[in-house]
Amino acid sequence: MKPGVLIFYRIMAYVTAVLLILLCAAMVLKYGHYAGLWEEGTSTQQLGTDWTFRIGVAHGWLYMVYLLVAVVATTQLRVPIGRMLLVLLAGTIPFGAFVAERKVTHWHELRMAGKPLTEPHTRTAEESPAS
């Protein structure tokens, strides 16, 4: 994989993760009155409403960029489709993109060292079929 792709992926993973965490915090401000944290219609709720919209729009657009760069990165690393889908979904889970970024970086390091992404499974004596 080209180093620029990995760097761009890492940046987008961090941006996506931070925005999603901020979005969750803004939603607490917006909907906190249901839990009795403050009264409905207060300035805190209005702040949450405003920030939920702004951060939600930013996260939505930047998540699309994250998806594109994640597809490019995982395709260049020849990652199996199941793992690719997990990396793509990681941008929708708070802190998930941080974990996915570490995995993709690890996979890149393995590829650069000429190693497979996973260790090949070798049969033990107990798993060998009976003759």
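Visitor: Is H108 buried or exposed?
Guide: This is a predicted model, and H108 sits in helix 4, residues 96-112. Its relative accessible area is 12%. Under 20% counts as buried, so H108 is buried.

Visitor: Which residues does H108 touch, leaving aside its neighbours within four places in sequence?
Guide: H108 belongs to helix 4. Set aside its neighbours within four places in sequence, and its contacts are M1, L6 and L77.

Visitor: At what angle do helix 1 and helix 2 pack?
Guide: Two packed helices are described by the angle between their axes and the distance between the axes. Helix 1 covers residues 3-31, and helix 2 covers residues 43-76. Their axes are 7 Å apart, and the angle is about 155 degrees.

Visitor: How is helix 1 oriented to helix 2: roughly parallel or roughly antiparallel?
Guide: The two helices pack at about 155 degrees. Angles over 145 count as roughly antiparallel. Therefore helix 1 is, relative to helix 2, roughly antiparallel.

Visitor: How many residues in the contact of helix 1 with helix 2 are nonpolar?
Guide: Helix 1 passes helix 2 in a left-handed crossing. The contact has one charged residue and nine polar ones. The nonpolar count is 25.

Visitor: Is V5 buried or exposed?
Guide: V5 lies in helix 1. Its relative accessible area is 16%. The cut-off for buried is under 20%, so V5 is buried.

Visitor: How far apart in space are V5 and V72, C-alpha to C-alpha?
Guide: V5 is in contact with V69, V72, A73 and Q76, leaving aside neighbours within four places in sequence. V5 and V72 are 67 residues apart in sequence. In space, C-alpha to C-alpha, the separation is 7.7 Å.

Visitor: What separates the C-alpha atoms of Y31 and A58?
Guide: Y31 lies in helix 1. With a relative accessibility of 38%, Y31 counts as partly exposed. Y31 and A58 are 27 residues apart along the chain, and their C-alpha atoms are separated by 20 Å.

Visitor: Which residues does H59 touch, not counting those up to four places away in sequence?
Guide: H59 is found in helix 2. At 11% relative accessibility, H59 counts as buried. Not counting residues up to four places away in sequence, H59 touches T16, L19, L20 and G91.

Visitor: Is the crossing of helix 2 and helix 3 left-handed or right-handed?
Guide: Helix 2 and helix 3 pack at about 155 degrees, with axes 9 Å apart. That makes helix 2 roughly antiparallel to helix 3. The crossing is right-handed.

Visitor: Which residues of helix 3 meet helix 2?
Guide: Helix 2 brings Y63, Y66, L67, A70, V71, T74 and T75 to the contact. By class, the contact has nine nonpolar, two polar and no charged residues. On the helix 3 side stand M84, V87, L88 and L89.

Visitor: How far apart in space are L85 and V71, C-alpha to C-alpha?
Guide: L85 is placed in helix 3. L85 is partly exposed, with a relative accessible area of 46%. L85 and V71 are 14 residues apart in sequence, and their C-alpha distance is 8.9 Å.

Visitor: Is R78 buried or exposed?
Guide: R78 is in the loop between helix 2 and helix 3. R78 has a positive phi of about 55 degrees although it is not a glycine. Its relative accessible area is 57%. Over 50% counts as exposed, so R78 is exposed.

Visitor: What is the phi of F95?
Guide: F95 lies in the loop between helix 3 and helix 4. F95 is not a glycine, yet its phi is positive, at about 70 degrees.

Visitor: Which residues does the UniProt annotation "transmembrane region" cover?
Guide: The span 7-31 is 100% helix, with its end C-alpha atoms 36 Å apart. The span 84-100 is 65% helix, and its end C-alpha atoms lie 10 Å apart. The annotation comes from an unreviewed UniProt entry and covers residues 7-31, 51-72 and 84-100.

Visitor: How far apart are the end C-alpha atoms of residues 8-105?
Guide: An unreviewed UniProt entry lists these residues for "domain: DUF3817". Over residues 8-105 the chain is 79% helix and 0% strand. The end C-alpha atoms are separated by 12 Å.

How values were computed
Residues are numbered from 1 along each chain as its sequence is written. This is a predicted model: local features need pLDDT of at least 70, side-chain atom pairs count only at pLDDT 80 or more; totals for chains, interfaces and linings use all residues. Side-chain values use heavy atoms; hydrogens and water are left out. Axes are lines fitted to C-alpha atoms, for helices over the stretch in contact, and angles run from 0 to 180 degrees between N-to-C directions. Helices (H or I, at least four residues) and strands (E, at least two) are DSSP runs, numbered from the N terminus. Angles under 35 degrees count as roughly parallel, over 145 as roughly antiparallel, 65 to 115 as roughly perpendicular and the rest as oblique. A crossing is left-handed if the near helix is turned anticlockwise from the far one by less than a right angle, and right-handed if clockwise. Ala, Val, Leu, Ile, Met, Phe, Trp, Tyr, Cys and Pro count as nonpolar, Asp, Glu, Lys and Arg as charged, and the others, Gly among them, as polar. UniProt positions are given in the numbering used here, feature names are shortened, and annotations may be inferred rather than shown by experiment. Buried means under 20% relative accessible area, exposed over 50%, partly exposed in between (1.4 Å probe, protein chains only). Contact means heavy atoms within 4.5 Å.
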